[in-house]
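Reader: I would like to go through this structure step by step. Could we take it in short questions?

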Amino acid sequence: MYFHYCGIPILIFFCERVKIYRRNNAISHNKLLFQCFYNRCSAPAYHLILEGILILWIIRLLFSKTYKLQERSDLTEKEKEELIEEWQPEPLVPLVSKDHPSLSYDVVTGPPSHRIIVNGKECINFASFNFLGLLDSERVKLKALSSLKKYGVGTCGPRGFYGTFDVHLELEERLAKFMRTEEAIIYSYGFATIASAIPAYSKRGDIVFVDEAACFSIQKGLQASRSFVKYFKHNDMEDLERLLKEQEIEDQKNPRKARVIRRFIVVEGLYINAADICPLPELVKLKYKYKVRIFLEESMSFGVLGEHGRGVTEHFGVNIDDIDLISANMENALASIGGFCCGRSFVIDHQRLSGQGYCFSASLPPMLASAAIEALNIMEEDPGNNIYIHKNKCILPSSLIYGGFCRTPGLKTVGEPLTPALHLQLENSTGSRTNDLKLLRAIVDYSLDRQIALTLARYLDKEERFLPPPSIRVVVTVEQTQEEMEKAAQCIREAAVKILK
Amino acid sequence: MTQNSASKLLNGDALHRTKQDKKAGGNGFVKNRCLFQQKRYRRPAEKNHHASCTLLYKKTFVESFEETPLLVAVLTYMGYGILTIFGYLRDFLRDWKFEKCHLAREREEQKDFVPLYQDFENFYTRNLYMRIRDNWNRPICSVPGAKMDLVERVTPDYNWTFEHTGNVLKDVINMGSYNYLGFAENTGTCADAASECTVKYGVGVSSTRQEIGNLDKHKELEKLVARFLGVESSMAFGMGFATNSMNIPALTGKGGLILSDELNHVSLVLGARLSGSTIRVFKHNNMQNLEKLLRDAIVHGQPRTHRPWKKILILVEGIYSMEGSILRLPEVIALKKKYKAYLYLDEAHSIGALGPRGRGVVDYFGLDPSDVDIMMGTFTKSFGAAGGYIGGKKELIDYLCLHSHSAVHATSMSPPITQQIITSMKCIMGEDGTTLGQERLCQLSENTTYFRRRLHEMGFIIYGNNDSPVVPLMLYMPAKIGAFGREMLKRNIGTVVVGFPATPIIESRARFCVSAAHTREMLDKALNAISEVGDLLQLKYSRKNRHGSEGTDCFSFLESHQD
């Protein structure tokens, strides 16, 4: 905002003069300047001087330094100093009361495996996402050890700068082969995988359709992409179609713009917050109908769903090439660290230069990559029989896992029978989230005392887009026996009866 | 200590000011109340930053960024021009199918979708990066220590695809890994402890810190880190990048102002963006510019609403990994105190690599860690592990325990990695009962000084601080990026070369990371090779007095330091 506030009236004045000349003399436009000059010469001297001064004034204004309005605060240095002295920032972080319920984490002594020691009490683990029990596998440990002997622990560099190890390439190849896709890319942190992958493709101005129940890392990825985000109701394909139709109408209004706006649907295979499966076949139909790409986050379903553990695509028998990008972490079923994306080379290869968490972060420690390779070996060795499904189908009738918790008074079970991580929510909320959490925490504590390790599902209350209701998350793994299951269900029932009354 | 020096400076400044007051007493107008002399910033011909406020620095602070010779700059631009013209020509040939296109194509079924990439987005990748792609992502198959083994690759189609021949390039001298203290090892106490831990714990955790992934090992690590840094409390995270990008949003939000150095790492930039605060960028390590921004921010408040800022957070790094410069921490702290801003210090490269006790840039300047509000760093580099930490006051860490994104939503750190950090950190602190850590620190600083001095003497343009183990050597021209990397590998030395977009377009460079694990022979071998390649590629651009003995030249300081 630059201003020559004096210049304007003078210019107006001049324009007026010119108009008057034109009216009086009725001359053509191109003769005007000459005419003006001629008239000037015949004008009286005082007039010439006056106009000369005016012209000089205009020239001065034209060449004088421009200034910003904002800087015209006319504050003296002293006043500025006083303002600086006066300004008091908020504290860096608000004070947290010492007895905040979440402040003291449960401490696990020793390995977080099937038998886990929480706060000094030995329990059966119903809380870690160690679905396939590979965390305790001796084979995985041995492979990790031999890798440690060869490569040491850290990689001391990002993938580009001598941080690519032969095991990384092997793991990528193995993952691609396992998922039957053209290419896979690994990240050194599960959370960063989808959070980096989304902004690598979706930029400012693009549109992303997201399920309301999408997990936190998806939300962060969307935020980093600065795209236009449209939320549809959880697993509600009609709502999604409504949004897609709206967009179609919008596109028809401005077809030129529509040709460059990329569109994506981002869904989770198995929702961590809602414990149910996305209707993938319908999504694929919508994809081709409205020409939208699908990104699928499979952290919970990888290694769990499908005959071989390939996830939701295998579960529904959807062609994996119809999904543009699949991402999953290697921290749950594979019980290592890190995450991966897989899909067609056309899509995945782009991340090698554009995935921020890939390019600018140290690569995955080779021993963790080796551990993941061995975990994949174990998964593949049982052909046609994913260990997780096998166990679910044959040993544990789903009624036991599911029904066992369902019959608990005062608690409702959220999730589908196939899911390995169920949510137990309060049937009747007390009306306040803190109190609800306290009640649920009491159930967790009660179970901990009786050798059942459970955990509350934790959320960032203020950051979450749609905050799920408070719940206890129960994770079912292959290592739990029927008796342990029954015991857990029994224990939770007792706790509920006692605490919820 | 710091307070002393800071107040000294303030007092000095105050005295100076009263003098000015008297002079300007006539109208009572005080001209300069800034801590650091304000002058209009322009890139000086020779940026040889001798410490401007000698009171703040205990030793000479020499940082040089020799100006790009004009001819070189012109030729560099021409180089890019030629590459671009050829790029268009090649694209044209590809379009008309005269040249085979190796790029992966969109599926037939999805040809009518909105294109996933805009064509020009990949122009640079396709036509410039692809020519020299073999210099990056070189696969290694050994410990990334002082020497490493590389997997030999050949390309049948000019870098579009690579094939592994099955041969191994043995004992390549590693000048690329961030292995400052040489803890990337597969034998020794660290590796043994990590193995033991693997046997006991396994490698994964499969849960988050707040749920059920809070192991005793993590607690042990956090206590140790707090002690190492000299802060009240600390918290460790599984990934260095995510430590920045997921914790800055917990610290500041809407109505806050972030002042960020222009050369900050992507993770800091991403964290700042995710936080939703207003971001303003100051010139690299330029304290006058930072002070001006601080003053303006406080005086003018938020744009449009003119409400005062809720808080101001300064984001800086200890060592800048592409420039090799060291943060002017004493000045930043003085500014931060005067203007009541908060300081977020990212010590990704400096922790372990700087300071007589290896405690990073705070230790290097002999300052008090409590003057830095948020001490952040990574375990990837000096500790030979992975992950990051945040240290600070207890209230800060308590708050992060509840609100950090990664404590709630990300899997916690792998136990063997945790163990590696604990053991290596104890070694640096001398708590393992040996002087091994101290020896490594001395070795690193000796190696750095030697390496930098020799390169300088050879006549290369070297950026950065004399004490920084990150040594960028300027290449400038795009063609020399590839040539340097390949020629060095021919001589069995692995180096990192970087060009646009990691650096400004004409300032392509090679970067060496000196390690304590490098012996004098290795360094000499590397230096000889660099000199040879430098002659071959005509890289000895420096026009400075090479064997100079000018009064305040850096060498006088270096020599006295060596004595």
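**Where the chains meet**

Author: Let us start between the chains. This is a predicted model. Across the interface of chain B and chain A, the rule finds eight salt bridges.

Reader: Which residue of chain A forms a salt bridge with Asp112(B)?

Author: A salt bridge here needs a side-chain nitrogen of Lys or Arg within 4 Å of a carboxyl oxygen of Asp or Glu. For Asp112(B), the closest N and O atoms of the pair are 3.2 Å apart. The partner is Lys291(A).

Reader: How many residue pairs are in polar contact across the interface of chain B and chain A?

Author: Salt bridges have their own count there, eight. Polar contacts are counted as residue pairs, both at pLDDT 80 or more. The rule finds 47.

Reader: What area do chain B and chain A bury between them?

Author: Carbon and sulfur atoms carry 65% of this area. In chain B, Leu116(B), Glu211(B) and Ile212(B) lose the most area to chain A, together 8% of what that side buries. The total for the two chains is about 10,500 Å².

**Inside chain A**

Reader: What share of chain A counts as buried?

Author: Chain A has 501 residues. A residue counts as buried under 20% relative accessible area. By that cut-off the share is 57%.

Reader: Among contacts between residues at least 6 apart in sequence, what share joins residues at least 24 apart?

Author: Chain A holds 21 helices and 15 strands. Its contacts between residues at least 6 apart can be sorted by their spacing in sequence. Those joining residues at least 24 apart make up 69%.

Reader: Is Ser196(A) buried or exposed?

Author: Ser196(A) sits in helix H8, residues 190–201 of chain A. Leaving out residues up to four places away in sequence, Ser196(A) touches Tyr187(A), Gly355(A), Gln356(A) and Gly357(A). Its relative accessibility is 7%, so Ser196(A) counts as buried.

**Between the two domains**

Reader: How far apart are the C-alpha centres of domain 1 and domain 2 of chain A?

Author: Domain 1 covers 101–135 + 387–500, and domain 2 covers 153–381. In contact are 25 residues of domain 1 and 25 residues of domain 2. The C-alpha centres lie 27 Å apart.

Reader: Which three residues of domain 1 supply 24% of the area it buries against domain 2?

Author: The two domains bury about 2,200 Å² between them, 67% of it on carbon and sulfur atoms. On the domain 1 side, one trio supplies more than any other three residues. They are Phe129(A), Leu134(A) and Phe466(A).

Reader: Which residue forms a salt bridge with Glu463(A)?

Author: The count between the two domains is one salt bridge. The closest N and O atoms of the Glu463(A) pair are 3.8 Å apart. The partner is Lys220(A).

Reader: Which element gives the largest share of the side of domain 1 that touches domain 2?

Author: Helix H18 (387–395) and strand S12 (421–426) of chain A each supply at least two residues of that side. The largest share is three residues. It comes from S12(A).

How values were computed
Residues are numbered from 1 along each chain as its sequence is written. Chains are lettered from A and ligands numbered from 1 in the order in which they are written. This is a predicted model: local features need pLDDT of at least 70, side-chain atom pairs count only at pLDDT 80 or more; totals for chains, interfaces and linings use all residues. Side-chain values use heavy atoms; hydrogens and water are left out. Domain bounds come from an automatic or database domain assignment. Contact means heavy atoms within 4.5 Å. Buried area is the accessible area (1.4 Å probe) that two parts lose on being put together, summed over both. Helices (H or I, at least four residues) and strands (E, at least two) are DSSP runs, numbered from the N terminus. A polar contact is a pair of N or O atoms within 3.5 Å; within protein, one must be able to donate a hydrogen and the other to accept it, and residues adjacent in sequence count only if both atoms are side-chain atoms. Buried means under 20% relative accessible area, exposed over 50%, partly exposed in between (1.4 Å probe, protein chains only).
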